[in-house]
Each structure stands twice: as C-alpha cells, then as structure tokens.
Protein chains: 2
Amino acid sequence: MDASSQAVAQTVRIDLDERGYDILIGRGLLDDPATWAALPGRADALIVTNTTVGPLYAARLRAALGERFARVHTVELPDGEAHKDWSTLNLIFDSLLARACDRKTVLFALGGGVVGDMAGFAAACYMRGVPFVQVPTTLLAQVDSSVGGKTAINHPLGKNMIGAFYQPQQVVCDLETLTTLPQRELIAGLAEVIKYGPIADMAFFDWIEANLAALLARDAAALAHAVRRSCEIKAWVVGQDEREGGLRAILNFGHTFGHAIESGLGYGQWLHGEAVGCGMVMAAHLSRALGLVDAALVDRVTRLIERAGLPVIGPALGTARYLELMRVDKKAEAGQIRFVVIEAPGRAGVRPATDAQVGEVLAACTR
Amino acid sequence: MDASSQAVAQTVRIDLDERGYDILIGRGLLDDPATWAALPGRADALIVTNTTVGPLYAARLRAALGERFARVHTVELPDGEAHKDWSTLNLIFDSLLARACDRKTVLFALGGGVVGDMAGFAAACYMRGVPFVQVPTTLLAQVDSSVGGKTAINHPLGKNMIGAFYQPQQVVCDLETLTTLPQRELIAGLAEVIKYGPIADMAFFDWIEANLAALLARDAAALAHAVRRSCEIKAWVVGQDEREGGLRAILNFGHTFGHAIESGLGYGQWLHGEAVGCGMVMAAHLSRALGLVDAALVDRVTRLIERAGLPVIGPALGTARYLELMRVDKKAEAGQIRFVVIEAPGRAGVRPATDAQVGEVLAACTR
C-alpha cells in the first residue's frame, strides 16, 4: 500500500439519488484496502476478469479485498468482443451457483469494456440483482464504458442488444493499470476521449489536440486529466438521463456507424474504439451533409482521430449493408435510423438522414 | 366484443409510483379493444405465447391489438417449466431482431407463469428494456406470477436464478381463459390462492374452505373473487417491498421446499403449484416445530390443500438432498437457509431452522 496514493485520488460523483455512486481516479487504488472500505462486509466476492488481465491484477485485487470478504472467488473469461455472448456470460452464473453464492455477493469487474459489460449484466440478473463494482483496466473502460450503468451482451444480429441499465456501487479507475495496456488498446480508448470534445466540450478538444503526444506516451498527468474530464462529462450527461430517454444518446456519437463496422466485419476484427474513431469521422461528415457544421470542423475532427493512430477510412461493406446493419441500432425507430450528429462545435443531437446522404458519406469515408 | 364485459371488469392497482400499474379482472377482456386503449400506439407488438395457449387465444388477441399497432407478431414457445431456459428465451430475441423490432415495441405475455416469466425477462433485457403487458391465462398466473414484476429463467443448479425485477405496463386477467384450463392446472393455481390465507388473511382462508367446491367447479363468481382478493393481497405486499428487501419474502411461503421438489425431481415432473402446495404443508409443519403455531392450524392447512387435490406428501429425496437444494434458494444467506413460516394465523415471517428440525419435518411429510 502506497500511502501517497490516497492523496492523489480524485472523485467524480454520478448523481442518481439512491443509485448514485463515486468514481475514484488515482494511482495504486487497486491494492489499497482503503479503496474498498466503503463496501459492506459480505461473505462472498467474485472477481470477474479475463485471461489477459487476470494474471496481471487478480491476485492483487483479491488480497486487497480479503479484509471485507470471507471468500474471494475468481472467474476468468476468454478475452475479446467475440466472446461477449450468452455462453461466456453463463460462465459467471455457473461460477456463482457452483459456489452457492447468495444474493449479497458482490461482483468485481476487473478488465476492459467487455468484462465490465458482462460482469455488470450478470450482476443485474443473478438472483434478480446483486451489487457490483467496476474496476476498469483499459482507457476505454475508464473514460466511458465502466461509468453509467449500461451493461449488455451481443446477439448475432446486433451489438449490445441484450442487457440492462444497472448501476455499479462504485467505479475504481486505477491509472497504474494503464501501464500494461497494449498501445493498440490505449489508442482505441482515446477514441472515446476525443468523442467528448465535439459533443460537449471544445475546450477539452483543444486540450487533447495539444496533449496528444503526452497521452500516447502515457504521461501520468495527461492520462489523469483525460480520465477525470471524460468522467465528469459522462457524469453530467448520465445524471440528467440515466436510461437514454433523450440527451444520453449523444454519448453514442460515432457509434451507429461504428457498430455497423464491428458487426459487419465480425466482432473482434476491429477494436470497439477503432470502429468508433472511424464512425466519428463518418458522423462528422454526415453533420456537414446535413448542413450543421462546416468543412473545417470535419477536417479538424478527422485530423485528430488520424493523429491518434485510429482508422479514418471504413471497410467497403457497401452502402446497402451499412444501412441494413444500422437499422437494428437501438436508436432506430420504426425502421428509421437516427444518427448522433454535431449540431454545433461542442453540442450534439439526434437526427434522421436520407439513404442518399448516408451513401454520400460512405462514398467519402470507405475504401 | 361483449358490451357487458366492461361493466364487470374490476381493477386492482399496484402502487409503485412511476412504475405503478393496473390489474384488470373480468370476462371477455382479451377480445375487447377497450382493454388496450390505454397503451400507446406503436409500430410493433410481439405476442409471446406457447404451443398450447397460442392456438386458443393468439388470433383473438392479435385482432384486438390491431387498432393500436401497425404490426402484431407472434412467437410460440414450447410449453412447460422444463423449457424455461436461455435457449427458449433466445427464441424471443431472435424473433424481435429478425423483425427489426425497435425499443418502443410492446411485448404481450399470453399464457401461464412460464410464458410470463420469460416474456417479462425478455422485455427487461431487449435493448435494455422495452414495455410489456401480462395477459395471464392460468389461475396460477392470474393470482400470483403475473403480478409484481418478478421475471426469471431457470439455471440447471437452481430455479429462477437468472432474472430481473421488471414491472409490466398492465396485467389483464381474462377470467374466460380459465374455461380452457386443464383441471390439473386449475388445482395447481389454487395452491397460490390458498397461500394468501395463512400468510395474510385468515378470513380469506375461511372463504376458500367454504367455497372450494365452487372453485373446483369453476363457478364464475367464485373464481372472480379468488382472483381479485389474491391480487389485492399481492398488491398490498408488493407495494410495500418491490424488490424483496423484507416483507415480500412472505409470498414465498411453501416455495423453499417447493422449489427443492421441482428441482430435485427435474422441472416439469410436478407442476409448480403442486410443489408449492406440498411445500406449504412442510412449511406449516416447520412453523409448528419452531413453536409458532399449534397442530390444529397445521391440520387445517394440510386438509384444505388435500381437499383441493394437491399433493401433501413430498418425494423421498432424502433430507441431505433437500438441504442441498434449498441452500441455493435466493433467500439463503451465507449458506443458511431461511424459511417462510407462519408466525401466527394470517401472519408470516422468515426464520432459520436447524437441519434436525428440517429433517423432522421431512420425515413427517415425505414418502
């Protein structure tokens, strides 16, 4: 336990009344029993992780949890978006039931977005709901997917189609876990960081442009700021619209096109963040085609995404296939696709578009 | 449409603030477009039913829904508790996604408890939650399972282990559907009616004793009263404790033993209501073993359950097996089984019991 770690931990609050919780951001939090002191003492904890992250961090988390739980179990899932399905989810239920874990058991999601989505959905469903804690170990999960209570698994016909809104008890972003993250995953996470600029905060976008090299080099202070500001913006949005009745949809900027890329290529070919990066370029082009923003903003967004090392040209699936894939998007209504677009720099909204407008965007952004 | 049907419809309110809803009870409700007038007009509806109930009532419901929905789809599940699992649930998701149903789609659960549990859980999970309506066609579903928002599927290691608390938009109990119910199912439903007496209302228990013959003969007025009073008691309990933090557990009277019977014999051997009937006899005996009630009350409960045609002797699985099965009950905490017992006539509570006390009860109640 590093005594200085507590001093630098920062807290962002998700304000949802009785479902509200804190996001802790700092270095060395995972090993620090103080991090877990607010949790109720219970008989059983289950760490849900994967075969990549488990060997790196599960033993350390287990040790830190030992003070509050009589038994700390671990289940390791296969790694990757391709495994975000029912049969993998069932490994969690099997593990809980084989150990006769009761409904006071606390689940810990130790890993990236896939682990968080699956552990969260398992927690939502096991005995109709047990508490869970997010311990995101990827940049993408720390800045986006671990916050806000969206959980889900994929269906062969669509991404995140089966899930629940289910809030964690707390989110613990240990920035030290980012030191072991492969560079490709770090870059994928930057896509979700960049996202917050055009939809909510152009000053943050300016900051990312100025500090991209530091972020890519994993400068501790730069990462800390990126995670904290991202979480603040997400908290502000989720606090107003927990169940995506309206505003929250803006967090899906780039995701309608991005999900089509992921699903069309087969889950796991492109990382989620890569698909979202490219999807944001497409969504920026669509914003322009709808007359909302000028070419200069589209170029600026595209350039930053490209400088981050993310793809800005999508796979040539054909317009018809893109449209087919996007029609099962959760935002679609009565067969009409609804796109998150930039309405003005730093402000997003949801709009329909004609097939011709989408075709024009895809012509410019796929190859 | 029978004009007189509206006149006799009665309403019981489930009071859960923004999640509150009405239970409509009457004859001919299913065919009456007025029943569905409160629902929002939407593009898609999906009727979830089974291969037994679908041929009897799906076309009539579809016709009545035609005014409010542009498309009314139907999916027929295999019938029975043995199919209350993930692969059957997935038939609902497949159906929704194959038809590109959006997140405003309304699901209708047309059938008994299994259909209601699965359609409700599918509604809770599809796109993280779509609206649904319960249209129970069995006595058991009308008096118990369709009301209160408990949804779930079974896991090989335990009944109803994977599910959600998810409230319907409304519950429509059309008493005419009980005319096609097999007698064995009618009797199974009476178990849940009888349940409300010892746990909440001994005057209702008196009434059931006096009117059992009329209920077994499907007297319309008797069934209407049984359904209404059962729903009133359930509404009173659920309104105070939606997520089973305390009081709601009393509705599980007979269910801890009952689930062990169902699971131990294999789902579908005994009907759920049959297992609950026998489980209530066991729970009454346990209440006596704990010194809470006298032998006369145990005899009275046992006699009514037997007169209804329900089993009062359980299968001889052995005490060790019963205990093992009951330790995964959702009420168990830290390996200790918690039983719903009669604390006084018309009042129930949750108590632990020693293995010896359970063994004594099983010795008296199994063969």
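In chain A, strand 7 and strand 8 (residues 158-165) run antiparallel and are joined by 5 bridges. The model described here is predicted. Strand 7 of chain A, which covers residues 150-155, is largely enclosed by the rest of the structure, because 6 of its 6 residues are buried.

At the level of domains, the assignment for chain A gives domain 1, comprising residues 3-180, and domain 2, comprising residues 183-365. The centres of domain 1 and domain 2 of chain A, taken over C-alpha atoms, are separated by 25 Å, and contact between the two domains involves 30 residues of domain 1 and 31 residues of domain 2. On the side of domain 1 of chain A that touches domain 2, two or more residues are given by each of strand 1, strand 2, helix 5 and strand 8 of chain A. Helix 5 of chain A provides the largest share of this side, with 5 residues. By residue class, the side of domain 1 of chain A that touches domain 2 divides into 15 nonpolar, 10 polar and 5 charged residues.

Helix 8 of chain A, formed by residues 220-240, has 21 residues and reaches 31 Å from its first C-alpha to its last, which is close to the 30 Å expected at 1.5 Å a residue. The buried residues of helix 8 of chain A include A:Leu223, A:Ala226, A:Val227, A:Ile233, A:Val237 and A:Val238, and also A:Arg228, A:Arg229 and A:Lys234. The elements of chain A that cover the buried residues of helix 8 include strand 1 (10-14), strand 2 (21-26) and strand 9 (170-174), together with helix 5 (139-145), helix 6 (183-200) and helix 7 (202-216).

The relation between the two chains was examined by superposition. Chain B is superposed on chain A by a rotation of 180° with 0.0 Å of shift along the rotation axis, and the RMSD is 0.0 Å. This is the relation of a two-fold axis. Among the residues of chain B, the one that comes closest to the rotation axis is B:Trp86, whose C-alpha lies at 4.2 Å. The same surface serves both copies, in that 100% of the contact residues of chain B recur in chain A.

Note on methods:
Residues are numbered from 1 along each chain as its sequence is written. Chains are lettered from A and ligands numbered from 1 in the order in which they are written. This is a predicted model: local features need pLDDT of at least 70, side-chain atom pairs count only at pLDDT 80 or more; totals for chains, interfaces and linings use all residues. Copies are superposed by least squares on the C-alpha atoms of residues with pLDDT of at least 70 in both. Two residues are in contact if their C-beta atoms, placed from the backbone, lie within 7 Å. A residue is buried if 20 or more other C-beta atoms lie within 10 Å of its own, exposed if 12 or fewer, and partly exposed in between; C-beta atoms are placed from the backbone. Helices (H or I, at least four residues) and strands (E, at least two) are DSSP runs, numbered from the N terminus. Two strands pair if DSSP finds at least two bridges between them. The expected span of a helix is 1.5 Å times one less than its number of residues. Domain bounds come from an automatic or database domain assignment. Ala, Val, Leu, Ile, Met, Phe, Trp, Tyr, Cys and Pro count as nonpolar, Asp, Glu, Lys and Arg as charged, and the others, Gly among them, as polar.
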